[in-house]
Amino acid sequence: MNDRDVLDPSALDRIDLADPALHHAHDLREVWRHLRDEAPVYRHERAGGEGFWVITRYDDVAAVYKDGETFTSERGNVLDTLLSGGDSAAGRMLAVTDGPRHAALRAVLGKPFSPRSLEVVVDSVRRGTQQLLREAVERGSCDFAADVAAHIPLAAICDLLGVPPADRQHIIDLTSTALSSADAPATPEATWASRNDLLLYFSELAESRRAKPYDDVVSLLVTKEVDGRPLSHEEIIFNCYSIIMGGHETTRFAMIGGVEALVEHPEQWEALRGGDKVSAAAVDEVLRWTTPALHSGRTATEDVFLGGEFIEAGDVVTVWNASANRDERVFSDPGRFDLARTPNKHLTFAYGPHFCIGAYLARAEIGALLEGLRTMVAEIEFTGPRRRIFSNFLSGLSTAPVKLTPAPGFGG
Ligand code: HEM
């Protein structure tokens with residue numbers, strides 16, 4: 001079942017791919033297919049503002065990701081900032097920093113995201129997920145988005161950053177307005193206010209860790225040097241912000257989308273339940289299928305030919321993970337949800353120098369959810385309308401009312 005209209009490619013001249021309402025209301029799979037086949041490097045002119053390049057084939061998307069010199073992230077890495085004059089965190093926040101500074105920052109920030117360092121966090125993810133699912137199954141029905149999926153990634157990030165439990169709901173509320181929008185397009189004022197509140201929150205947390213460091217990422221940022229100098233207060237705050245924005249909603253939408261896919265593909269649900277564990281392939285197929293980050297953005301630093309098209313220095317270039325992950329040149333039968341799919345080199349976490357730093361954690365969270373569902377739930381049904389977010393960057397459901405039937409032996 002598809003809750004959105006599949007948009008006909010003939011509408012391409014009339015749509016604005018930067019419009020959050022477009023992605024909210026329409027399934028663009030046929031538009032992407034058309035672009036991959038007919039115009040893989042496409043100049044998207046917009047009546048209401050600056051145009052940009054739209055890259056839709058897997059190989060071209062990977063080539064842009066790989067070449068951070070020609071396609072910089074330092075003027076923003078998502079459409080919203082690229083089209084509004086740049087990112088104020090450029091050169092200071094990991095995702096919008098390139099070159100040697102990026103490598104040095106990543107060397108420090110990467111450590112707490114290694115499988116070894118994450119052991120305790122992942123353990124707590126597994127326990128927390130079991131607990132949340134147990135409560136949801138006992139209640140019988142719930143909003144899977146708000147009651148289960150929202151809590152898992154946020155708890156993990158808060159564990160990593162050292163955010164006290166009492167502040168977590170506040171952080172959930174701020175992130176959902178700051179990045180995507182649950183039920184209506186957020187006003188720019190509301191978005192900016194939430195972003196500022198988040199920055200302020202991390203500013204205070206950093207101050208308190210400076211006075212008394214703990215074993216968490218904020219303490220690491222306030223005590224470590226990068227390139228022989230300590231990080232500035234702004235750099236610390238921007239990078240906390242980047243971790244919460246990078247890891248919370250993305251993973252949450254992958255989880256909700258995974259549940260939706262399992263409901264819509266009962267044979268895959270049966271295969272998951274029938275197996276004796278959750279395979280890595282199953283987790284990766286959920287990631288490919290859901291592709292929570294629709295696009296990434298770059299700016300060309302020099303004139304360059306890509307796919308036979310001439311891109312000028314200064315042009316905004318967008319790569320669409322949502323399209324690359326369904327490219328029939330790379331994936332066999334890409335429109336099929338197949339938990340046993342191998343190989344599955346999806347671009348959900350990007351590729352190259354900015355490859356997602358939280359990929360291991362995100363995979364562990366999705367794995368924990370699938371494991372909990374597989375062992376505790378016999379049947380999942382939607383009991384009311386699902387609501388899709390308004391965003392040109394993220395894709396997912398903000399509301400997903402479900403009934404969960406316990407598996408035989410549950411609670412026994
Ligand atoms: C980078 C997607 C989970 C933190 C990225 C990028 C993508 C992405 C596409 C590259 C952006 C670009 O090239 O401009 C996702 C998805 C996730 C996820 C789909 C979940 C399903 C996480 C988690 C964290 C995280 C759990 C942290 C807790 C980051 C950071 C970067 C990043 C800090 C910047 C890396 C760099 O620039 O070197 N992510 N992410 N992400 N992600 Fe994730």
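Let's start at Trp 289, which counts as buried because its relative accessibility is 18%, and buried here means under 20%. Keep in mind that this is a predicted model.

Now for the aromatic rings. A pair of these is described by the distance of the centres and the angle of the planes. The count for this structure comes to 6 aromatic pairs. One of them is Tyr 201 with Phe 202, an edge-to-face arrangement with 5.4 Å centre to centre and 85° between the planes. Tyr 201 has 12% relative accessibility, so it counts as buried. Phe 202 is at 0%, so it is buried as well.

What parts of the chain does the pair link? Distant ones: Trp 289 belongs to helix α15 (residues 280-290), while Phe 337 is in the loop between α16 (321-324) and α17 (359-376), 48 residues apart.

Most residues other than glycine have a negative phi, and most peptide bonds are trans. Yet a cis peptide bond joins Thr 342 and Pro 343, with omega at about -10°. Pro 343 sits in the loop between α16 and α17, and Ala 350 lies in the loop between α16 and α17 too. Ala 350 is not a glycine, but its phi is positive, about 70°. Is Ala 350 buried or exposed? Its relative accessibility is 11%, so it counts as buried.

Thr 291 is another non-glycine with a positive phi, in this case about 35°. You'll find Thr 291 in the loop between α15 and β9 (295-300). With a relative accessible area of 4%, Thr 291 is buried.

Next, a look at helix α7 (residues 144-149), where Ala 149 is found. Ala 149 is buried because its relative accessible area is 0%. From Ala 149 to Leu 272 there are 123 residues in sequence, and the C-alpha to C-alpha separation is 19 Å.

Finally, the surface. Which residues form the negative surface patch? They are Glu 69, Glu 302, Asp 303 and Glu 312. Glu 69 is in the loop between α3 (58-66) and β5 (71-72). At 69% relative accessibility, Glu 69 counts as exposed, because that label applies over 50%.

Terms used:
Residues are numbered from 1 along each chain as its sequence is written. This is a predicted model: local features need pLDDT of at least 70, side-chain atom pairs count only at pLDDT 80 or more; totals for chains, interfaces and linings use all residues. Side-chain values use heavy atoms; hydrogens and water are left out. Patches are made of residues with over 30% relative accessible area and no salt bridge: like charges are joined within 9 Å, nonpolar side chains (Val, Leu, Ile, Met, Phe, Trp, Tyr) within 5 Å. Accessible areas come from the Shrake-Rupley method with a 1.4 Å probe; for residues, only the protein chains shown count as cover. A salt bridge is a side-chain nitrogen of Lys or Arg within 4 Å of a carboxyl oxygen of Asp or Glu. Lys and Arg count as positive and Asp and Glu as negative; His and the chain ends are not counted. The place of a charge is taken as NZ of Lys, CZ of Arg, CG of Asp or CD of Glu. Helices (H or I, at least four residues) and strands (E, at least two) are DSSP runs, numbered from the N terminus. Buried means under 20% relative accessible area, exposed over 50%, partly exposed in between (1.4 Å probe, protein chains only). Rings of Phe, Tyr and Trp (its six-membered ring) pair if their centres lie within 6.5 Å; planes under 30 degrees apart count as stacked, over 60 as edge-to-face and the rest as tilted.
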